[in-house]
Amino acid sequence: MKNTEQLENPHINRQELFLLVTPILGFFPAMWILFRQKASPQDRAVSRLIVTLTLIWLLGNILLQLGSEIGESGTVTLLLINSLLTTSYFIITFGLMVRVWKRQPLWLPGISQIAEKVVGKHL
């Protein structure tokens with residue numbers, strides 16, 4: 001019996017991982033992988049991480065925007081925190097892209113555990 005891992009093109013897997021780790025746009029293929037149920041465990045773990053990271057960013061962004069619009073005082077502070085959250089999200093995803101390029105495992109302390117417990121439980 002032939003080993004199927006030797007027949008697979010490693011560049012295709014890296015391209016898929018680059019697509020998944022792309023900020024904001026990678027959320028949609030990650031959700032597709034989670035709902036498809038035919039992906040490898042590694043692809044599912046990366047997809048859970050990306051979905052969790054994007055949902056944390058999106059929820060924080062929405063809540064901070066609402067807080068800055070509703071509240072009279074501290075509007076500048078909330079907008080500054082919102083910009084820091086967005087910048088952090090893009091820097092983290094860029095760091096994940098670098099890890100894909102270096103062929104290192106995609107893992108973030110804290111967020112990976114949340115992804116496995118919460119998102120892994122529901123998807």
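**Notebook: helix contacts and ring pairs**

I began with S68, which counts as buried at 7% relative accessibility; I take buried as under 20% relative accessible area, exposed as over 50% and partly exposed as in between, with a 1.4 Å probe and protein chains only. The model is predicted, so I keep in mind that local features need pLDDT of at least 70 and side-chain atom pairs count only at pLDDT 80 or more, while totals for chains, interfaces and linings use all residues. Residues are numbered from 1 along each chain as its sequence is written, and side-chain values use heavy atoms, with hydrogens and water left out.

**S68 and its helix**

I find S68 in helix α4, residues 41-70; helices here are DSSP runs of H or I with at least four residues, strands are runs of E with at least two, and both are numbered from the N terminus. Setting aside residues up to four places away in sequence, S68 touches T75, L78 and L79, where contact means heavy atoms within 4.5 Å.

**α4 against α5**

I next looked up how α4 lies against α5, and their axes come within 8 Å and cross at roughly 165°. That angle makes α4 roughly antiparallel to α5, given that angles under 35 degrees count as roughly parallel, over 145 as roughly antiparallel, 65 to 115 as roughly perpendicular and the rest as oblique. The axes are lines fitted to C-alpha atoms, for helices over the stretch in contact, and the angles run from 0 to 180 degrees between N-to-C directions. The crossing of α4 and α5 is left-handed, a term that applies if the near helix is turned anticlockwise from the far one by less than a right angle, with clockwise giving right-handed. On the α4 side the contact residues include L49, W57, G60, N61 and S68, and on the α5 side they include T75, L78, L79, N82 and Y89.

**Ring pairs**

Rings of Phe, Tyr and Trp (its six-membered ring) pair if their centres lie within 6.5 Å, and planes under 30 degrees apart count as stacked, over 60 as edge-to-face and the rest as tilted. By this rule I count three aromatic pairs. One of them, W57 with Y89, is stacked, at 4.9 Å centre to centre and 15° between the planes. W57 lies in helix α4 and Y89 in helix α5, so this pair ties together parts that are 32 residues apart in sequence. W57 is buried at a relative accessible area of 10%, and Y89 is buried at 4%. Y89 also pairs with F90, edge-to-face, at 5.5 Å centre to centre and 80° between the planes. F90 is partly exposed, at 36% relative accessibility.

**α3 against α4**

I then turned to α3 and α4, whose axes come within 9 Å and cross at roughly 135°; the two helices are therefore oblique to each other. Their crossing is left-handed. From α3, the residues F27, A30, M31, I33 and L34 meet a set in α4 that includes D43, R44, S47 and R48. This contact of α3 with α4 has eight nonpolar, two polar and three charged residues.

**D43**

I looked up D43, which sits in helix α4 and is buried with a relative accessible area of 12%. Leaving aside neighbours within four places in sequence, D43 is in contact with N13, E16, L17 and I33. D43 and N13 are 30 residues apart in sequence, yet 9.1 Å apart in space from C-alpha to C-alpha.

**Positive phi**

Last, I checked backbone angles, bearing in mind that most residues other than glycine have a negative phi. I24 has a positive phi, near 65°; this residue lies in the loop between α2 (10-21) and α3 (27-36) and is partly exposed, with a relative accessible area of 36%. R103 also has a positive phi, near 60°, and is placed in the loop between α5 (75-101) and α6 (111-122). R103 counts as exposed, at 51% relative accessibility.

How values were computed:
Nonpolar A, V, L, I, M, F, W, Y, C, P; charged D, E, K, R; others polar.
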